[in-house]
Amino acid sequence: MSDAAGLVQFLNAWAEMAGGAKSPSIAPVWRRVLLMARDPPRITCKHHEYMEFVDTEIEEGSLTLHDDDMVLRSFFFGPSQIASLRRLVPHYCATFDLITACLWRCHTKALKIDADKDVRMMVAVNARAKFNPPLPVGYYGNAIAYPAAVTTAGKLCGNPFGYAVELINKVKGKATQEYMHSVADLLAIKGRYIPRMVRSLTVSDLRGFDPRQIDFGWGHALYAGPAQGGLGPFPGVTFITPFKNAKGEDGLVLPIWLPTEAMNRFSKELDGMFGFICSSL
């Protein structure tokens, strides 16, 4: 298993070898022991992103690709869309926080989730640099955590947009070294745990690992990212992927799975936040 950083490192090595290199410029590191559970394992942090594998809870309030009326659309966030979101927040904030908060609110409204129900946004955080010392350069394994921002649907949709942005900004800081150890220990103790999919979304930022720059000898790729909006059977997973649209604008694209009626509501919510018709692909 690997995350985006490990995958891009592998592809870079592959491209270098295809170009005639006798060895990759960054030697691979296997040391999986660095992220093994402690002995004895101990859960020291709250992990709202995980739940026990209970089929009934997963089905209630979740989305699956087995639903009859699921559709996939991809939405483009270019300079004008991001500028529109920035005008909704009185202070500067990261582009990732803006897009993720926007996605969370629009998705929650589109699904018409009851105001008193909890909703979660899980953020994939690359924890390589969170360790002291950092994980070695060349580490190929999976080194991400999914800390979850949690609130109620009523608070998320009823408060100003800055409320959601602040929740996203804070949750990114949860993935400390101790948090990563606690995740490994939780999985060792609890066993068959999966990320929560009930009234939840997971977003992963691929901007720092753009495979389009990898050249196997045929030039750079036009697109490199997920082919579908869901990861495996979980449509509640999406990726922020670098993309150039048909107008030649550089921006970001997010693929989204939703039932047809919910997708129409999602698109209208985006229109309202942008102040103009949203750009979908």
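How many aromatic pairs does the structure hold? The count comes to five, where rings of Phe, Tyr and Trp (its six-membered ring) pair if their centres lie within 6.5 Å, with planes under 30 degrees apart counted as stacked, over 60 as edge-to-face and the rest as tilted. The model is predicted, so local features need pLDDT of at least 70 and side-chain atom pairs count only at pLDDT 80 or more, while totals for chains, interfaces and linings use all residues. Residues are numbered from 1 along each chain as its sequence is written, and side-chain values use heavy atoms, with hydrogens and water left out.

One of the aromatic pairs is formed by Trp14 and Phe216, which is edge-to-face because the ring centres are 5.2 Å apart and the planes stand at 85 degrees. Trp14 belongs to helix α1 and Phe216 to the loop between β8 (200-205) and β9 (237-244), so the contact ties together parts 202 residues apart in sequence. Helices (H or I, at least four residues) and strands (E, at least two) are DSSP runs, numbered from the N terminus. Trp14, at 48% relative accessibility, and Phe216, at 27%, are both partly exposed; buried means under 20% relative accessible area, exposed over 50%, and partly exposed in between (1.4 Å probe, protein chains only). Phe10, Trp14 and Phe216 make up one aromatic cluster.

Phe77 and Phe274 are also paired edge-to-face, at 5.5 Å centre to centre and 85 degrees between the planes. Phe77 is in strand β2 (residues 70-77) and Phe274 in helix α8, so this pair links parts 197 residues apart in sequence. Phe77 is buried at 3% relative accessible area, and Phe274 is buried at 4%.

Seven salt bridges were found in a search of the whole structure, each being a side-chain nitrogen of Lys or Arg within 4 Å of a carboxyl oxygen of Asp or Glu. Among them, Arg128 and Asp3 meet at 2.6 Å, N to O. Arg128 lies in the loop between β4 (125-126) and β5 (144-145) and Asp3 in the segment before α1 (4-18), so the bridge ties together parts 125 residues apart in sequence. Arg128 is buried at 13% relative accessibility, as is Asp3 at 7%.

Lys109 forms a salt bridge with Glu269, with the closest N and O atoms 3.7 Å apart. Lys109 lies in helix α4 (residues 95-110) and Glu269 in helix α8 (residues 260-274), so parts 160 residues apart in sequence are tied together. Lys109 is partly exposed at 27%, and Glu269 is partly exposed at 27%. Salt bridges that share partners join Arg38, Glu178 and Asp185 into one network.
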